[in-house]
Amino acid sequence: MNRVNSLSDDPNWTSLPKDIVLDLFTRLNYNDRASLSSTCSTWRSHGSSSFLWSSLDIRAYEFNPSIAASLAPRCANLEKLKFRGVETADALIHLKAKNLVELSGDFCWMITDATLSMIAARHEALEVLQLGRSELITSDAIRVLAICCPKLRKLHLSRLRDVASAAIESLAEHCTQLSDLAFIDCMDIDVEALGKVSSLRYLSVAGTTIINWNVAIESWKKLPKLTGLDVSGTSIYNIDISKLLESSKSLEVVCALHCPFVSYDRVKGKALLTRFPNIFDELSSIFDEKPKDIFSYWRSLIGKDKSIDEKMHWIEWSISLTLQRRAELEGMDDFWMDHGAKLLLILLKSSQEDVQERAVKALADIIVIDDEDPRIDLARVDLVLRGGGIRLLLDLANSSREVLQSEATKTIPNLAANAEAAKAIAEEGWINVLIRLAKSTTRLVAVEAIGALWSLSEREECKTAIAQAGGVKALVELIFRWKITSHGIMERAAGALANLAADDKCSADVSRVGGVGALVKLVRDSEYEGVQEQAARGLANMAAHGECNKNNTIVGQVHDALEALVKLTKSIHEEVKREAAGALWHLSFHENNRESIVTLGGIEALVTLAKSYATASTGLQERVAGAIWGLSVSEANSIAIGDEGGIPPLVALAKSEVVNVHETAAGALWNLSFYLGNALEIVELGGVPTLIQLCSCSPSRMARFISALALAYIFDGRVEEMVGARTTSANVYECFFLAAKARIHEAGHIRCSGPEIGRFVTMLRIDCPTLKSCAAFALFQFTVPKARHARHHASLMQNAEEAIALKSVAADTKNPPEAQFFAKFVLRNLVYHAAKL
Amino acid sequence: MIVLKSSDGETFEIEEAVALQSQTIAHMVEDDCVENGIPLANVTGEILAKIIEYCKKHVEGGGGSEEELKIWDKEFIENIDQSTLFNLILAANYLNIKTLLDLTCQRVADMIS
């Protein structure tokens with residue numbers, strides 16, 4: 001709204017000529033038109049122009065009697081209306097659109113006879129009525145329709161149980177202009193009565209189950225004007241079709257697709273469409289020339305021959321209907337691979353919006369294997385890709401028709417499962433379009449666009465593209481614009497942001513445009529678990545990427561962020577708990593955050609979570625152990641964790657076969673084991689054999705390294721006195737060097753605090769060769785120049801005492817050679833870092 | 001070559017092919033009233049210059065591939081202020097240059113939504 005106001009400042013936009021203003025209005029969706037109309041009286045009057053109100057498609061919008069009543073003043077001359085669902089149908093009469101000529105609706109399965117009768121009674125001028133899936137309609141309502149709407153030209157109904165003779169005769173009697181009639185997927189139709197509707201030119205009984213073909217043929221051959229007949233998906237036989245084609249002079253085209261008892265047959269002068277690719281040859285008989293590409297040829301000629309156009313439009317419509325229905329069924333693999341996919345792509349370019357819609361929906365259906373199995377059929381996606389489908393779908397997304405935009409966009413997440421298709425999607429320019437559609441004020445469109453961005457943002461190559469096109473800013477703005485209860489939108493937007501935050505560069509963008517605040521808002525205020533999960537994951541990724549500490553500070557500073565995350569660890573939903581624990585883990589690397597988390601009851605919450613490890617997923621186990629590891633850095637926390645009962649679950653998790661889990665559990669135990677009480681508990685619980693097992697057998701070098709360090713702490717001389725296990729000490733020594741040779745790459749990621757480094761230095765002085773070697777080796781890992789936090793560690797060892805301790809270890813020949821060797825290297829590393837500092 | 005005269009007295013000499021993108025001008029050429037140049041009383045020199053810039057780029061077969069043109073259009077339309085945009089719409093309407101009118105109106109629609 002603000003932008004529109006500023007438009008009225010300078011220059012004087014209200015002085016634009018009317019036809020330009022109307023052009024502007026047509027480029028906007030209904031929400032925006034309403035906004036524009038409310039800016040000033042000039043535009044209000046333009047906005048009410050009958051030009052803008054002659055045709056409405058309200059399928060993407062909410063509709064009820066009061067909305068209808070408010071629109072009624074402008075709908076006096078409404079001619080065409082597309083609607084969706086029974087609530088809207090019930091409210092239609094309040095529009096008072098007495099001059100309505102065309103009415104079509106989808107998702108009509110709850111519409112009753114009463115509703116249809118009422119609509120018929122109030123719209124006497126109706127010429128076209130199409131209702132999709134109108135299952136509850138009976139012959140009674142059709143009779144009322146016939147009486148009330150004598151001007152009816154086109155009537156399409158589907159899924160009716162039965163259509164009785166009284167109904168059809170009523171149509172024949174009252175609707176003398178009825179030329180296009182379709183009863184699709186019905187159970188039982190009185191076919192004899194159909195023969196009495198002498199005005200019929202096009203008839204479809206596709207998918208209808210109970211038909212007495214002998215009677216049908218006898219009756220229909222008398223229809224003087226019947227030009228096109230669709231019997232696709234029925235039990236008709238060849239002989240019936242030939243009889244009809246021979247006896248009806250007017251009949252030119254018969255569609256008999258997917259009829260189990262029909263085989264291809266050449267009938268002179270007529271087009272019999274039975275199977276692909278024959279239908280292309282058959283269709284060419286309609287034209288004087290014999291073009292190769294029927295549809296493009298015809299489309300280049302549109303407008304020149306009305307009767308051909310009428311036939312082709314009807315044929316397009318019939319084929320699209322059949323294809324859409326078949327797409328919902330499983331199987332038929334050859335068909336789609338050989339011809340079907342290609343045909344759908346051709347239909348995408350149709351000039352009839354409903355044909356395009358059906359083609360897109362069919363495409364969406366065929367690329368998914370089936371309802372039970374959400375996997376994508378990559379071969380079919382490939383076909384779509386090579387047929388130029390990505391570009392065709394993009395054209396639809398760029399159209400101003402919201403239902404088409406939303407259907408086309410819906411296909412993207414599934415298409416993107418095929419790597420080549422994903423690449424094409426990015427290259428064709430989908431990302432810019434998706435970002436634009438994501439900003440739409442129409443929920444139907446926005447939700448699919450954001451969903452597509454979520455899906456694309458999982459791919460590395462798309463992340464940067466999305467960020468560069470302004471996607472991050474758009475997503476953050478969305479989160480603040482829509483109501484918190486718009487769960488679908490929030491979940492997808494948070495999911496996309498979370499994926500983007502997992503990239504170092506993009507996470508900087510997220511941070512810069514206030515993404516952290518947006519995610520925290522969701523974590524704090526949303527009540528829907530899907531949203532909580534994605535937002536928590538977003539915060540976890542922000543904390544783990546980019547400049548680690550910078551992001552951590554930012555997140556920690558956002559009011560209520562940490563409190564909300566701690567609260568989420570108590571959710572009943574596994575995924576939410578998992579992501580919240582993950583976020584707390586990464587955030588705990590920063591000291592201020594640690595303090596806050598602890599104050600907010602984080603230790604109790606996480607230990608409680610850890611205690612339920614038996615029913616938790618491995619992802620959750622890993623993260624909760626990681627979070628405890630993060631918090632256990634300080635003495636107070638370590639002791640508190642032990643007191644809360646954190647050690648037993650950790651020891652149990654250290655036994656896990658899953659590497660990530662036992663690695664993080666070992667990490668937590670490492671920190672905790674420094675404190676005597678914890679160390680004793682670990683020993684008592686049988687943690688030592690577990691740690692030794694990890695030390696020698698874990699596939700992860702980091703796990704082996706950490707568990708060795710943990711053992712080193714446990715056996716630093718104090719515990720042994722109590723437990724008296726000298727031999728175990730020797731095991732530790734062996735395990736330690738089984739665990740590591742030279743440099744452990746993963747250890748470079750560990751960031752130690754001052755006290756932790758201090759412990760190792762202390763260990764250098766303890767009169768135990770094992771410990772000296774362990775300590776020297778550990779310090780070496782932490783200070784080697786390539787380690788991520790080497791400089792930080794070096795800066796913690798700049799005092800004289802550390803140097804003295806190291807030198808003494810290096811110099812003393814009574815020490816094991818490894819101890820001397822690594823101590824010397826640490827000294828060298830310190831000098832190296834000092835020069836850099 | 002065709003000469004166009006803006007409302008504030010500036011003259012622009014441009015190739016016929018460029019000028020014919022305006023239906024209004026095309027009709028005038030057909031009706032053969034372009035002897036002393038075409039006066040455009042409703043269009044200032046500044047705006048006319050912009051329009052000529054657009055038409056030169058969009059001359060049939062000269063501007064570049066479809067993709068390149070799209071990028072150029074985007075640059076063109078995003079780098080003008082509201083006042084210029086407004087006047088371009090009026091001028092494109094008067095001169096009947098459909099593609100430019102389309103571009104400018106879409107720009108306004110995008111700004112509103």
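In this predicted model, the side chains of Arg299(A) and Glu316(A) meet in a salt bridge, 2.9 Å from N to O. Arg299(A) sits in helix 14 (residues 294–301) of chain A and Glu316(A) in helix 15 (residues 306–327) of chain A, so the pair ties together parts 17 residues apart in sequence. Over all chains, the structure holds 34 salt bridges. Side chains of opposite charge can pair when their charged atoms come close.

**Helix 15 and helix 16 of chain A**

- Helix 15 of chain A also packs against another helix: its axis and that of helix 16 (residues 333–348) of chain A come within 11 Å.
- The two axes cross at roughly 130 degrees.
- Helix 15 of chain A and helix 16 of chain A are therefore oblique to each other.
- Their crossing is left-handed.
- Helix 15 of chain A brings Glu316(A), Ile319(A), Ser320(A), Leu323(A), Arg326(A) and Ala327(A) to the contact.
- Helix 16 of chain A brings Phe335(A), Trp336(A), Leu343(A), Leu344(A) and Leu347(A).
- By class, the residues of this contact are eight nonpolar, one polar and two charged.

**Helix 19 and helix 22 of chain A**

- The axes of helix 19 (residues 389–397) of chain A and helix 22 (residues 419–428) of chain A come within 10 Å.
- They cross at roughly 45 degrees.
- Helix 19 of chain A passes helix 22 of chain A in a right-handed crossing.
- From helix 19 of chain A, the contact uses Ile390(A), Arg391(A) and Leu394(A).
- From helix 22 of chain A, it uses Ala421(A), Ala424(A), Ile425(A) and Glu428(A).
- The contact of helix 19 with helix 22 of chain A has five nonpolar, no polar and two charged residues.

**Helix 42 and helix 45 of chain A**

- Helix 42 (residues 701–714) of chain A packs with helix 45 (residues 754–765) of chain A at an angle of about 60 degrees.
- Their axes are 12 Å apart.
- That angle makes helix 42 of chain A oblique to helix 45 of chain A.
- The crossing of helix 42 of chain A with helix 45 of chain A is left-handed.
- Leu709(A), Ala712(A) and Tyr713(A) make the contact from helix 42 of chain A.
- Glu756(A), Arg759(A), Phe760(A) and Met763(A) make it from helix 45 of chain A.
- Five of the contact residues of helix 42 and helix 45 of chain A are nonpolar, none is polar and two are charged.

**Where chain B meets chain A**

- The contact takes 18 residues from chain B and 19 residues from chain A.
- The size of an interface is often given as the accessible area lost when the parts come together.
- Between chain B and chain A, the buried area is about 1700 Å².
- Carbon and sulfur atoms give 67% of that area.
- In chain B, Gln82(B), Phe86(B) and Ile112(B) lose the most area to chain A.
- Together, Gln82(B), Phe86(B) and Ile112(B) account for 36% of what the chain B side buries.
- How many salt bridges are found across the interface of chain B and chain A? The rule finds one.
- Asp102(B) and Arg27(A) meet through their side chains in a salt bridge, 2.4 Å from N to O.

Note on methods: Residues numbered from 1 in each chain as written. Chains lettered and ligands numbered in written order. Predicted model: local features only at pLDDT ≥ 70, side-chain atom pairs only at ≥ 80, totals over all residues. Heavy atoms only, no water. Axes fitted to C-alpha atoms, helices over the stretch in contact; angles between N-to-C directions. Helix = DSSP H or I, 4+ residues; strand = E, 2+ residues; numbered from the N terminus. Parallel < 35°, antiparallel > 145°, perpendicular 65-115°, else oblique. Left-handed = near helix turned anticlockwise from the far one by under 90°. Contact = heavy atoms within 4.5 Å. Nonpolar A, V, L, I, M, F, W, Y, C, P; charged D, E, K, R; others polar. Buried area = accessible area lost by both parts, 1.4 Å probe. Salt bridge = Lys/Arg side-chain N within 4 Å of Asp/Glu carboxyl O.
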